[in-house]
Amino acid sequence: MDRAEARECIQQAYAAWDAEDWLRAAGLFERVLAHFPDAGPSAVWWYDAALAHKFLRNWGKAYELGREAAARAPRGEGDPAYWNLGIAATIQRDWATARDAWSGFGIELPEGEGRIDGRFGAACVRLDTGGEREVVWIERLCPTRGRVVNVPVSGGRRYGEVVVHDGEPKGERVVDGVAFPVFDELMLFEASGLPTLEVTVDAAEPADLEALVGLFTDHGFGAEPASSVRVLCACCSEGTHRQERSVRAGAQQVSLAAPEEEARRLLERWAGETPAGRGWSGLAAVG
């Protein structure tokens, strides 16, 4: 391939990019890079080829090409080549490369080697549930992984599972004046062993329901009253949404994440603390 042919291939690659034909775009970039791996603009081509494979969820190729892109990127300046490599290396469970990528981006990590399990704050993730789109809260373990701390209402998803999310926020949730980013899920990284249950509870006061949530949380489980769930259109979900945790009294359904016997024990304890104003019935597994 001569330089004229390379220029034509790059033009075709970006035409395919504009058409969101990621596979063709990546293939054309890779064809040129096989002949001109270190040409002047090659760093951009390596990055775009890796990004196209990221869009395709082809994580092996995103990792392979992302390493080449990062090797040509300046360190400590927030170059996105490092961020995309960090995601791909995390999914490949190459923790050494992931750590180096986050450091190359300019992020300070907890000391140590191997798997990154730090405290990167709270955020939200828009779960990809095969047609449904549910936003849940997570505790961020690293720049791209988070543990779900809501009980998802979407079938097949669970409290406590670990997800990998993208780096570009798509919306935000504002709580008490503090804005939290909403990221799109890229994949389920680790499943949770906690089953999802449903129960009907009767609470005389909102504080009674809050006490139930707190009791389950204190034991490492989850509880999500139906009155705390909000349904938003796609446009609103990807915008800024001011959010307050609001629960109401009375009878309602609560989603629980706990082994059934443990859930039963905690419900009995909760109801027994204030027998006149608390009750429950119909505990059943749903997922």
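1. Start with the pairing of β8 (residues 222–225) and β10 (residues 250–257): the two strands run antiparallel and are joined by four bridges. Strands here are DSSP runs of E, at least two residues long, and helices are runs of H or I, at least four residues, both numbered from the N terminus. Two strands pair if DSSP finds at least two bridges between them. To place yourself along the pair, look for G222, which sits opposite A257 of β10.

2. A word on what you're looking at: this is a predicted model, where local features need pLDDT of at least 70 and side-chain atom pairs count only at pLDDT 80 or more, while totals for chains, interfaces and linings use all residues. Numbering starts from 1 along each chain as its sequence is written, and side-chain values use heavy atoms, with hydrogens and water left out.

3. Back on β8, G222 and E224 point one way, A223 and P225 point the other way, and all are buried. Buried means under 20% relative accessible area, with a 1.4 Å probe and protein chains only.

4. Now the helices. α1 (residues 3–18) packs on α3 (residues 42–55) at an angle of about 35°, and their axes are 12 Å apart. Axes are lines fitted to C-alpha atoms over the stretch in contact, with angles from 0 to 180 degrees between N-to-C directions. From α1 come I10, Y14 and W17; from α3 come V44, W45, D48, L51, A52 and F55. Contact means heavy atoms within 4.5 Å. By class, these residues are eight nonpolar, no polar and one charged.

5. α3 also meets α5: the axes come within 11 Å and cross at roughly 35°. Here Y47, L51 and K54 of α3 touch P80, A81, N84 and I87 of α5. This contact counts five nonpolar, one polar and one charged residues.

6. The largest nonpolar core has 48 residues, and W17, F29, V32, W45, W59, I87 and W102 touch the most other members. Such a core is a set of buried Ala, Val, Leu, Ile, Met, Phe, Trp, Tyr and Cys residues joined through side-chain atoms within 4.5 Å. Elements supplying at least two residues each include α1, α3, β4 (162–165) and β6 (178–190). α5 gives the largest share, eight residues.

7. W45 deserves a click: leaving aside neighbours within four places in sequence, W45 is in contact with I10, Y14, F29, V32, L33, F36 and A39. Elsewhere, a second, separate core of 24 residues includes A203, L256, L267 and A271.

Terms used. Buried < 20%, exposed > 50% of the residue type's maximum accessible area, 1.4 Å probe, protein only. Nonpolar A, V, L, I, M, F, W, Y, C, P; charged D, E, K, R; others polar.
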